[in-house]
Amino acid sequence: LTIEFKEKYTSKIDEDLVAFANTRGGTLLLGVRDDGTVAGEKLTNDLKGRINSLARHCKPSISVNAAQVGSVIAVEVHEGTEKAYSCGSGYFRRLNGNTQKMSHEEIRLMFRENDPMPFEEHTIKGFSFEDISRSKVLAFAKEAGVSIGKTAAVDFLRSLKVADETQVTNAGILFFAKNPQKYLRQTQMSIIAFKGTDRVHIYDRLDVRDDLLTQFNQAISFLERHLNVRSEIRGVDRHDIYEIPFEALREAVVNALMHRDYSIAGTQVGIDIFDDRVEITNPGGLPQGLGPKNFGKGISIRRNELIADLFSRLHKVERAGTGIGRMRKFLAAAGLKDPDFENNGFFRTIFYRSPEYSLKGSGRVVEKVVEKVVEKFTENQKRIMELIRVSARISARELAKKVGISPRKIQENLAKLRSKGILKRIGPDKGGHWEVMK
């Protein structure tokens, strides 16, 4: 990838110079045949000048270091910081140990990836403050727990760093525009429920063409309708439990919205529900700098800083770099296998539905309720919990008097309830209070 042999100098070596600059840098060895045998080449002042001239005439210009090493010339090229680089013959890159001409799509992607201004910070000609939805601003503020009173919507957007005195950024459009798809057509979400385990028979579909908060809420609502739920009795309370923990699903949905590449036209976030799995897909793959080796290990590289910040204000995102670990933790606690991740230009998270509670090919959504008494309590323990619910600061002596058992027995029952996670002591023994956990 980083070494190229040339038997002798020609003016076409500028293709190799830009290829190295566009990839990871490298060394061009002049005077070496393709089979690795040495033909020899001498670095004269004239030749050194021609090499430097070729490098300067690349766009942008490239800095090279040419030196005589034994009987060959080593031309060292560093990876460029102003990609994409081109020469008179076009744009080139290194791939599989060769210098290859880049396609139009590869050039476009390289320019976009190396644009110093991210897509979310760009503005769109024709979008004005009149296109901002006051109701969406208020909904955002309410979800974020912020009171804006009579503050103008534009001033609120400026405080969020998604608008200046005259323009609104793409991030602001994605969250607050009356009609985001009028200006950014690719910013939509498609949610599909399939009958079976392949993409053949669709029995429910929802296309969400609205702001990102609405997309998130609609996605969660659709998943709630199409995943099975069971109920368990814990203590004296009934708990609804989805076959895939919703904490993990929320992490994946918000990650897809937060990290997708919004600059790729004709794409969308997709959520596909099958009988055996749920797939959540976003365009763009892993952000540049985050590879398979450091993925999921607490390293956070955000493709869209502004969008991530807005989701953080909505309390949809935990600490940076913890999302994948949290997904795995929630699934493990539910007895489910880890999600699978695929990265091939699109990033896909695959959750596997519980075999015990998933659909058995019926083709329709059903709610499977399984009641299970997971804890059994004595009458004395039930009475203790009832009294604590009424008066959280009740003392052991008062409990003994009302329940009709000794203070020692009260302490034993309190200890058992605490060990089962049913009771929790808040504060010190004196001055604190009890809390019955659900």
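User: Which strands does helix H2 lie across?

Analyst: Helix H2 (residues 45-56) lies across E2, E3 and E4. H2 runs at about 155 degrees to E3. Angles run from 0 to 180 degrees between N-to-C directions, with axes fitted to C-alpha atoms, for helices over the stretch in contact. Helices (H or I, at least four residues) and strands (E, at least two) are DSSP runs, numbered from the N terminus.

User: What kind of model is this?

Analyst: A predicted one: local features need pLDDT of at least 70, side-chain atom pairs count only at pLDDT 80 or more, and totals for chains, interfaces and linings use all residues. Residues are numbered from 1 along each chain as its sequence is written, and side-chain values use heavy atoms, leaving out hydrogens and water.

User: Back to the sheet with E2, E3 and E4. What is the strand order?

Analyst: E1-E2-E4-E3, in an open sheet of 4 strands with mixed pairing. Strands pair if DSSP finds at least two bridges between them. E1 (3-6) and E3 (64-69) stand at the edges, each with a single partner, so one side of each has no neighbour in the sheet. From one strand to the next, the twist averages 20 degrees.

User: How many bridges join E2 and E4?

Analyst: E2 (residues 26-30) and E4 (residues 72-77) pair over 5 bridges, in the antiparallel sense. Leucine 28 has valine 75 in E4 as its bridge partner.

User: And which strands of that sheet does H1 touch?

Analyst: Helix H1 (residues 13-22) packs on the sheet and touches E1, E2, E3 and E4. Touching here means contact, with heavy atoms within 4.5 Å. The direction of H1 makes about 160 degrees with that of E2. H1 also lies across E5, E6 and E7, at about 65 degrees to E6.

User: What sheet do E5, E6 and E7 form?

Analyst: An open sheet of 3 strands, ordered E5-E6-E7, with antiparallel pairing. The edge strands are E5 (86-87) and E7, each pairing on one side only. 2 bridges join E5 to E6. Serine 86 has tyrosine 91 in E6 as its bridge partner. These two strands form a hairpin with 2 residues between them.

User: How many bridges join E6 to E7?

Analyst: 4 bridges join E6 (residues 90-95) to E7 (residues 98-101), and the strands run antiparallel. Phenylalanine 92 stands opposite lysine 101. Arginine 94 faces threonine 99 across the pair, and leucine 95 stands opposite asparagine 98.

User: Which residue in that hairpin takes a positive phi?

Analyst: Asparagine 96, near 55 degrees. This hairpin has 2 residues between its strands.

User: New topic: helix H11. Which residues are buried there?

Analyst: Gly323, Ile324, Met327, Phe330 and Leu331, in H11 (residues 323-333). They cover an arc of only 130 degrees around the axis, which puts them on the same side of H11. That arc is taken from the directions from the helix axis to the C-beta atoms. Buried means under 20% relative accessible area, exposed over 50%, partly exposed in between (1.4 Å probe, protein chains only).

User: And which residues are exposed on the other side?

Analyst: Lys329, Ala332 and Ala333.

User: What do the buried ones pack against?

Analyst: Helix H9 (246-259), strand E14 (340-343) and strand E15 (346-352). Just after H11, glycine 335 takes a positive phi of about 75 degrees.

User: Glutamine 215 next. Why does glutamine 215 count as buried?

Analyst: Glutamine 215 counts as buried because its relative accessibility is 1%. Its place is in helix H8 (residues 212-226). The side chain reaches the backbone oxygen of threonine 187 at 3.2 Å. That is a polar contact: a pair of N or O atoms within 3.5 Å; within protein, one must be able to donate a hydrogen and the other to accept it, and residues adjacent in sequence count only if both atoms are side-chain atoms.

User: Which residues is glutamine 215 in contact with, beyond four places in sequence?

Analyst: Gln181, Thr187, Gln188, Met189, Val208, Asp210 and Leu257.

User: Is arginine 230 buried or exposed?

Analyst: Arginine 230 is buried, with a relative accessible area of 15%. Arginine 230 lies in strand E10 (residues 229-234). The C-alpha atoms of arginine 230 and aspartate 240 are separated by 5.7 Å, although the residues are 10 apart along the chain.

User: Zooming out, how many helices and strands are there?

Analyst: 14 helices and 17 strands. Of the 438 residues, 46% are buried. Among contacts with a separation of 6 or more, 61% join residues 24 or more positions apart.
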